Amino acid sequence: MSIVEVKVPQLSESVAEATLLQWKKKPGEAVAIDEILIEIETDKVVLEVPAPSAGVLAEIVQADGATVTADQVIAKIDTAAKAGAAAPAAAPAPAAAAPAPAAAAAPVASGNSKGDVAMPAAAKLLADNNLTVADVAGTGKDGRVTKGDVISAVARGAGAPSAAPAVQIPTGVPKTALPQVQAPSASQDLGERPEQRVPMSRLRARIAERLLQSQSTNAILTTFNEVNMAPVMDLRKKFQDAFTKEHGTKLGFMSFFVKAAVHALKKYPVLNASVDGNDIVYHGYFDIGIAVGSPRGLVVPILRNADQMSFADIEKKIAEFGKKAQEGKLGIEDMTGGTFSISNGGTFGSMLSTPIINPPQSAILGVHATKDRAVVENGQIVVRPMNYLAMSYDHRIIDGREAVLGLVAMKDALEDPARLLFGI
């Protein structure tokens, strides 16, 4: 027997621990080298753990939902074994989990010829969801009912619901979308009010922590302005076909917003600064964070040295970030740093918002939906495609003058894009 250990990859300096999501292989199954065995969620990103060698998954040392640290052994691969050989059962739930009641923890006979029994963690879930071991098909060793079997059974609607069902989903279940709770129909008893309790993922908990930190440590104020997007839209329409043919990507609006933001940050460097204790750190570079929605929550990957990027570079990078966010493949290096952020709620139809600063940054630009609106020009009411911009800033170091003038500089650049060429 030749055993190779599967370990947790190195985490970033600011991340002490992570959570195992769901194993993609079971003990006794064959694995290929570099095949993804499990995903590990930190408070910043989701990391994939590939198999270091080909062979058979001999043992799972840490089960779904376990809290782990860098370099910790989570599984073992037997490089000499063949698939289907007997293998140790998966490790029980982490010790930190609440112990099941004595009656539920004991193996429960299913009454069939296999002699199925429920693992301790599975027995607790069975009790929580008013199920018996006979309601669930066991896939563990010797037909044992595992925690995953119970979760699958609950998802299929097995068992009789209680008066107020509350499905308990372990931390290890991947949360790729918001849970859907179906309301009872009008013909049902209105006393039945379904609920679903789902633990926060590490990423969601980290988002919550940082947003509260931002509001409690920054003196946040928001200034607004309106922008006539007609010049940008006309320019985009004129060059769209040639741009796509030349660069292999479409010319969107975000590249204009990024360029306009960098234009303003150069004029008013304090908007690109951050607070460190009693010091103000002025950054001589422009790393622009782009807020991107993902199935696991809001992430902010960074366009590094955005002042040196072309329109095509920006569009390609943003498209790459969007794809990686949807696939859960953004790395820590993609989201580290940042001196200023842009949040585009317009993609979801937002008309106006007050964005929250992403610490340790000191300002953020909120972009919204462009809509035809009635405006006054030269004493006449005309229809123009208008966008409301909002810039939230830390009033501890940014005065209203710099904030307002900075937003006006962005407005001027968008309403006359030629300014971006000449830096005026």
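Where does aspartate 34 lie? Aspartate 34 sits in the loop between β3 (30-31) and β4, and despite not being a glycine it has a positive phi of about 70°. Keep in mind that this is a predicted model, where local features need pLDDT of at least 70, side-chain atom pairs count only at pLDDT 80 or more, and totals for chains, interfaces and linings use all residues. Residues are numbered from 1 along each chain as its sequence is written, and side-chain values use heavy atoms, with hydrogens and water left out. Helices (H or I, at least four residues) and strands (E, at least two) are DSSP runs, numbered from the N terminus.

**Confidence**

- The protein averages a pLDDT (the predictor's confidence in each residue, from 0 to 100) of 80, and 79% of the residues score at least 70.
- Residues 86-116 have a pLDDT below 50, and this stretch has 47 contacts (heavy atoms within 4.5 Å) in the model beyond near neighbours in sequence.
- Residues 159-178 also have a pLDDT below 50, with 43 contacts beyond near neighbours in sequence.
- Where pLDDT is low, the predicted coordinates should not be read in detail.

**Helix packing around α6**

- Helix α6 (residues 254-267) packs against helix α9 (residues 400-415) at an angle of about 135°, with the axes 8 Å apart; axes are lines fitted to C-alpha atoms, for helices over the stretch in contact, and angles run from 0 to 180 degrees between N-to-C directions.
- That angle makes α6 oblique to α9, given that under 35 degrees counts as roughly parallel, over 145 as roughly antiparallel, 65 to 115 as roughly perpendicular and the rest as oblique.
- α6 passes α9 in a right-handed crossing (left-handed if the near helix is turned anticlockwise from the far one by less than a right angle, right-handed if clockwise).
- On the α6 side the contact uses Phe256, Phe257, Ala260, Ala261, His263, Ala264 and Lys267, and on the α9 side Gly406, Ala409, Met410, Ala413 and Leu414.
- By class, that contact has 9 nonpolar, 2 polar and 1 charged residues (Ala, Val, Leu, Ile, Met, Phe, Trp, Tyr, Cys and Pro count as nonpolar, Asp, Glu, Lys and Arg as charged, and the others, Gly among them, as polar).
- α6 also meets helix α7 (residues 311-327), where the axes come within 9 Å and cross at roughly 120°, again in a right-handed crossing.
- Here Met254, Ser255, Phe256, Val258 and Lys259 of α6 touch Phe311, Ile314, Glu315 and Ile318 of α7.

**Strands that pair with β21**

- Strand β11 (residues 220-228) pairs with strand β21 (residues 380-394) in the antiparallel sense over 9 bridges; two strands pair if DSSP finds at least two bridges between them.
- Isoleucine 220 has aspartate 394 as its bridge partner in β21.
- Strand β19 (residues 363-367) runs antiparallel to β21, joined by 4 bridges, with glycine 366 opposite alanine 390.
- Strand β20 (residues 371-377) is joined to β21 by 7 bridges, also antiparallel, and valine 376 stands opposite isoleucine 381.
- β20 and β21 form a hairpin with 2 residues between them, and asparagine 378 in the turn has a positive phi of about 55°.

**The open sheet**

- 4 strands form an open sheet in the order β5-β4-β2-β7, with antiparallel pairing.
- β5 (46-50) and β7 (67-68) are the edge strands, each pairing on one side only.
- Strands β2 (residues 18-20) and β4 (residues 36-41) are joined by 2 bridges, and leucine 20 has isoleucine 40 as its bridge partner in β4.

**A cis peptide**

- The bond from proline 359 to proline 360 is cis, with omega near 10°, and proline 360 lies in the loop between β18 (340-344) and β19.
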